[in-house]
Amino acid sequence: MSGLSAPVYEMVSMGLRYWLFFLAVVIVWRAVRLMQKESRLYKKTMRQLPDAGLVGELVDLETGESHPLPREGMIGSGHASDIRLPGIRRRALEMAFRAGHGLKLIPSHHKHSLRLDDELIDASGDYALHGSVLDLGQKAYRFRLFEGLDVPERHSLPYSPEYENPEDAWARQMVMESPPPMPPGEDGYGMALPVWAQEVQPELPEEGLYTEESLLPPSRNWEGKDGN
Amino acid sequence: METDRQRPAERRLVKPVMLFMFSAFVLLGLKDFDWFTFALAVLVPFGIYAATLLLPRLFPADTLLLALVNFLCALGILTLYRTDPARGISQIYNYAIGVGVMVMGILYIRFWQRLKATVPMIAVAAVVFMALPVFFGEERNGAKAWIALFGVSFQPSEIVKLAHLVVLAFLLSRRRVLTSVVFAGISLALLMLQKDLGTALLYYAITLIMVFSATGSLTVLSLGTAGAAAGAVLGYSIFSHVRRRVSIWIDPWIDPRGSGYQIVQSLIAMANGGLWGTGLGLGNAKVIPEYATDFIFSVIINEFGVLFGACVVAVYALIFMRGISIAMRSRSKFHTLLALGCSSFIALQAFVIIGGNIKLIPLTGVTLPFVSYGGTSLISSLGILGLLQGVASVNQEDIKEDQMIALIGEEG
């Protein structure tokens, strides 16, 4: 069967050029609109999820300052670090969240002597869990991970008679016991510090005149901000 | 991040793509009243519908990206079928294989945590594969980049693109910059030995982009750019065909019947097309020797016009922007770098060949992604898209997880 005659086909084809161009413009236009719409929706979702992409926070045990913890990144003092902490190497350690395991910490340099929960982190890395304490030499930081993350529970140290000493027990609690997982979206500032530490401290007596009471550790019945 | 509210918008995008292909194939069918062409007028739009809207139900993917890429693939099939029906049909088979590779790419990224142990193996295989044409390759257009295996001829450097992107993203995400540069250097050296300078240029540029993105170092960028300039000067002085291409680029009319024949015919074809084109089925771009591969953009402009060509360029720009958006939404460095590498590869390749066709830059022998004829080219382009789609689907899952965590937080 023969097709359209050459002049008729030419007319139809030339007429259809505008139709095909129009459709191409519609494709581009709709793609742009869809991209804009999707972008707005994404931004809206992100506004509703201020903690999106984060797994928790890293809290300075001394000052209570907290740093948001991304799923993956670098801790160091350099500009390229995701968490910038003063007084450490430019690239101190890498971290990456692994579901079911925790936050893997890998020292960037084999000569680093970084401690996680009082144990040296080896070159292959170690997993930080909720409540784990990272010792970076002069400063210590506590990891606070969000509730709902697939992370194993961290076990507290077994009972030991040495803990019976109230001073030792308090110190252990400060370092090792973890507060409950943190709900995302809440302000984590000060959560690492017990209530007594946030209150105004009474003025110390003059040097050489410390009373026995002023040297005692605070009560062990302190409560965290999250009510535990 | 796909919601029910978005789906009708995506359908609104797919409809004009389907209508475009239906109209174009019906028009071609009217020329000879060929029933097979009429059948394609139904089958190609259905294929677009299935690949754009049904596939993401099985494998989570970015529908907008799929719609745009399917438009380009269908445009390639249409142009090839109009110029040489056998090639058009062959391209449909290539597309089907390419979709399979794309799905594998999506799955590879989705199961990355389990499969990342395969990276060293992939790196070694990539180097071995890239070395094959140096020893067993056959020369085409001055480059010894092809090998024939079991009767099938293909270009290993096209397949290795996928491995190159994955390995570089993996190494750079772990800050192994030196190792990644060594790996890229081996690939580049092998490409230089094959005299496949166009592909070498792409590999170099992508490596530079990824290393700069991973390190943020201006020193790396400066050294890389200086290295590229030195390489260009060295290539010009060593390879005679580079000198010839540069001289053709500067003035193709010096030898319009010899070395400048292709580019001259390409420019004439585009000029003939004008703003609106000659009309589908009325063009004469077949006079360009490499009309199906390197010069397919000239064929498109010849028959559809410059304005339509601008729309095609806009589609590539949108694909690139979408890829960058996927990269920026990624939660892990590996995914960010991979998405950046994939989208840059597609955009850069499109720029290099379109720029070569319109005499903006010297012509290099690379294909127009998703459009040009060639099994290896289409399959590797769809494979790169699969990796990008994989990152997009991981992003979607991450957002779902964040929403769940936020919900737990509210309930808690």
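**Notes on a two-chain model**

1. Let's start with a pair of strands in chain A: strand β6, residues 102-107, runs antiparallel to β9(A), and the two are joined over 3 bridges. To find the pairing by eye, look for Leu105(A), which sits opposite Asp126(A) in β9(A). Keep in mind as you look around that this is a predicted model.

2. Now zoom out to the sheet that holds this pair. Five is the strand count here: the order is β4-β3-β5-β6-β9 in chain A, the sheet is open, and the pairing is mixed. Which strands stand at the edges? They are β4 (83-84) and β9 (126-128) of chain A, and each has a single partner strand, so one side of each is left without a neighbour in the sheet. As background, strands of a sheet pair through backbone hydrogen bonds, and they can do so in a parallel or an antiparallel way.

3. Chain A also has a hairpin to look at. Strand β1 (residues 54-60) and strand β2 (residues 66-70) of chain A pair in the antiparallel sense, with 5 bridges between them. One bridge links Leu58(A) with His67(A) in β2(A). Between the strands of this hairpin come 5 residues, and Gly64(A) takes a positive phi near 85°.

4. Over to chain B, which has 16 helices and 3 strands. Along the principal axes, the C-alpha atoms of chain B fill a box of roughly 75 × 50 × 40 Å.

5. The strands of chain B form a sheet too. There are 3 strands in this open sheet, in the order β1-β2-β3 (chain B), with antiparallel pairing. At the edges you'll find β1 (138-140) and β3 (152-154) of chain B, each pairing on one side only. From one strand to the next, the twist averages 40°. Have a look at β1(B) and strand β2 (residues 143-149) of chain B: they pair in the antiparallel sense over 2 bridges. Glu138(B) has Trp146(B), in β2(B), as its bridge partner.

6. Next, a helix pair. The axes of helix α7 (residues 156-173) and helix α8 (residues 177-193) of chain B come within 9 Å and cross at roughly 165°. That angle makes α7(B) roughly antiparallel to α8(B). The crossing of α7(B) past α8(B) is left-handed. Residues of α7(B) in this contact include Val160(B), His164(B) and Leu168(B), while α8(B) brings Phe183(B), Ala184(B) and Leu191(B), among others. By class, the contact of α7(B) with α8(B) has 9 nonpolar, 5 polar and no charged residues.

7. Last, where the chains meet. How many residues does each chain bring to the contact? Chain B gives 48 residues and chain A gives 43 residues. On the side of chain B that touches chain A, α1 (7-32), α3 (63-83), α14 (306-329) and α16 (375-411) of chain B each supply at least two residues. The most comes from α1(B), with 14 residues. Sorted by class, this side of chain B has 29 nonpolar, 11 polar and 8 charged residues.

Note on methods. Residues numbered from 1 in each chain as written. Chains lettered and ligands numbered in written order. Predicted model: local features only at pLDDT ≥ 70, side-chain atom pairs only at ≥ 80, totals over all residues. Pairing = 2+ DSSP bridges. Helix = DSSP H or I, 4+ residues; strand = E, 2+ residues; numbered from the N terminus. Contact = placed C-beta atoms within 7 Å. Nonpolar A, V, L, I, M, F, W, Y, C, P; charged D, E, K, R; others polar. Axes fitted to C-alpha atoms, helices over the stretch in contact; angles between N-to-C directions. Parallel < 35°, antiparallel > 145°, perpendicular 65-115°, else oblique. Left-handed = near helix turned anticlockwise from the far one by under 90°.
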